[in-house]
Amino acid sequence: MASISQLIQIIYSSRPFGYDDAILNGVLLDARRCNARDNVTGALVCRQDVYLQLLEGPEAVVQATCDRIKRDDRHVEMIVRVTENVTERLFGDWAMFHDPAQSWIWSAQDISDGALDQASSEAFKTVFETIAAKAR
Ligand SMILES: Cc1cc2nc3c(=O)[nH]c(=O)nc-3n(C[C@H](O)[C@H](O)[C@H](O)COP(=O)(O)O)c2cc1C
């Protein structure tokens with residue numbers, strides 16, 4: 001019997017580099033194409049000043065996906081905020097759910113004041129739990 005791979009979730013933040021609709025659409029196209037192939041799911045919160053992404057799936061493919069994303073020059077300052085083993089996916093039906101960052105997430109001012117570096121991993125998880133509840 002094939003071994004069951006451990007499911008993990010990773011949440012990272014980064015700063016868009018050259019953000020516009022065309023770039024965002026390209027990112028989402030790449031994400032959905034690769035994730036459908038790799039059995040990865042998740043959500044991407046995007047705004048001019050921030051990307052927040054949750055990736056989930058078998059550990060090895062999620063790590064490989066993160067390594068590719070880290071090399072992508074469409075963003076900078078990628079920092080992993082949460083890595084944890086989970087038993088269920090939050091976005092099982094979504095190769096990459098897209099959420100334009102809303103006002104209930106940190107404001108642009110908060111972010112430029114360093115809010116992400118002060119936030120707990122629980123705070124990052126709450127962002128995605130709230131989005132997943134909306135996505136259902
Ligand atoms: C903000 C952001 C999010 C991304 N999300 C994903 C993703 O969820 N899955 C993925 O495979 N690639 C994602 N990408 C694209 C990867 O960086 C990369 O272009 C893609 O995986 C194809 O890799 P390759 O060109 O080495 O084949 C993302 C890129 C950015 C900038």
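**The ligand shell and the fold**

Guide: Around the ligand there are 17 residues, of which Asp30, Ala31, Cys34, Asp72 and Arg74 come nearest, a residue being near a molecule or strand if its C-beta atom, placed from the backbone, lies within 6 Å of it. The elements giving two or more residues to this shell are α1 (21–38), β2 (41–47), β3 (50–58) and α2 (59–70), where helices (H or I, at least four residues) and strands (E, at least two) are DSSP runs, numbered from the N terminus. The largest share, five residues, comes from α1.

Visitor: What should I keep in mind about the model and its numbering?
Guide: This is a predicted model, in which local features need pLDDT of at least 70 and side-chain atom pairs count only at pLDDT 80 or more, whereas totals for chains, interfaces and linings use all residues. Residues are numbered from 1 along each chain as its sequence is written.

Visitor: Why is the protein called as compact as a globular protein of its length?
Guide: The protein has five helices and five strands, and its radius of gyration, taken over C-alpha atoms, is 14 Å, close to the 14 Å that the globule rule (2.2 Å times the number of residues to the power 0.38) gives for 136 residues, so the description holds.

Visitor: How do you know what span helix α5 should have?
Guide: The expected span is 1.5 Å times one less than the number of residues, so the 15 residues of α5 (residues 121–135) should span 21 Å, and the end C-alpha atoms are 21 Å apart, which agrees.

Visitor: Which residues of α5 are called buried, and what makes them lie on the same side?
Guide: They are Val127, Phe128 and Ile131, buried meaning that 20 or more other C-beta atoms, placed from the backbone, lie within 10 Å of a residue's own, with 12 or fewer for exposed and partly exposed in between. These three cover an arc of only 80° around the axis, which puts them on the same side of α5, the arc being that of the directions from the helix axis to the C-beta atoms. On the other side of α5, Ser121, Glu122, Thr126, Glu129 and Ala133 are exposed.
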